[in-house]
Amino acid sequence: MKIHIIGCSGSGKSYLARHLSENYQIPHFDLDDLQWDNHAGQYGIKMPKEKRSALLQGILQRNDWIIEGVYYKWVQKSFQDADIIYILEISPLIYKFRILRRFLKRKLGLEKGKRETLRSVLGLIRWTDEFQKIDMPRIQEILMPYEQKVQYLRSKKDINNLL
């Protein structure tokens, strides 16, 4: 099984991927780990494109995978190879709440993650609003040739029914 999950920040991509991975014993890959160099000395350093492409190709060669992330321009081969593509489209109020909640959990040490600042989180919320307005329609257009394997999840209830 090859599953691609795409949606904005705070939409529940990681939650869904983690649960599908556990339920089906399929490895889960977060595209942030390919986009960003997590071993760089500072936050926000991009992975070199050649290395990112090689890492993605390695994942796509596997028999089973779950890929999740917001990226679409450099992962189109994964759309082609996927058996199913889940698009998470949720309310702006929900994704904003989740982004802020995640930030607070990380600040309090209740959750592992990137070292974000309040300023970077507010920037992420602005970026996510733009993503929903500009990028999501582009993604839907790119995925038109694969519409038979695209499924929209628009609420926590949709995700729970899937799981």
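1. A crossing of two helices is called right-handed if the near helix is turned clockwise from the far one by less than a right angle. In this predicted model, helix H5 passes helix H6 in a crossing of that right-handed kind.

2. The geometry of the pair is as follows. H5 covers residues 92-107 and H6 covers residues 118-142; the two pack at an angle of about 155°, and their axes lie 10 Å apart. Because angles over 145 degrees count as roughly antiparallel, H5 is roughly antiparallel to H6.

3. On the H5 side, the contact is made by Tyr95, Lys96, Ile99, Leu100, Arg102 and Phe103. H6 contributes Leu118, Val121, Leu124, Ile125, Thr128, Asp129 and Gln132. Sorted by class, the contact of H5 with H6 holds 8 nonpolar, 2 polar and 3 charged residues.

4. The largest nonpolar core of the model comprises 31 residues. Within this core, Leu31, Leu56, Phe79, Ile85 and Leu143 have the most contacts. Two or more residues each are given by helix H3 (49-60), strand S3 (65-69), strand S4 (84-88), H5 and H6. H6 supplies the largest share, 6 residues.

5. With neighbours within four places in sequence left aside, Phe79 is in contact with His4, Ile6, Tyr71, Tyr72, Ile85, Ile142, Leu143, Tyr146 and Lys149. Two of these partners, Ile85 and Leu143, are also listed with Phe79 among the core residues with the most contacts.

Notes. Residues numbered from 1 in each chain as written. Predicted model: local features only at pLDDT ≥ 70, side-chain atom pairs only at ≥ 80, totals over all residues. Heavy atoms only, no water. Axes fitted to C-alpha atoms, helices over the stretch in contact; angles between N-to-C directions. Helix = DSSP H or I, 4+ residues; strand = E, 2+ residues; numbered from the N terminus. Parallel < 35°, antiparallel > 145°, perpendicular 65-115°, else oblique. Contact = heavy atoms within 4.5 Å. Nonpolar A, V, L, I, M, F, W, Y, C, P; charged D, E, K, R; others polar. Core = buried A, V, L, I, M, F, W, Y, C linked by side-chain atoms within 4.5 Å. Buried < 20%, exposed > 50% of the residue type's maximum accessible area, 1.4 Å probe, protein only.
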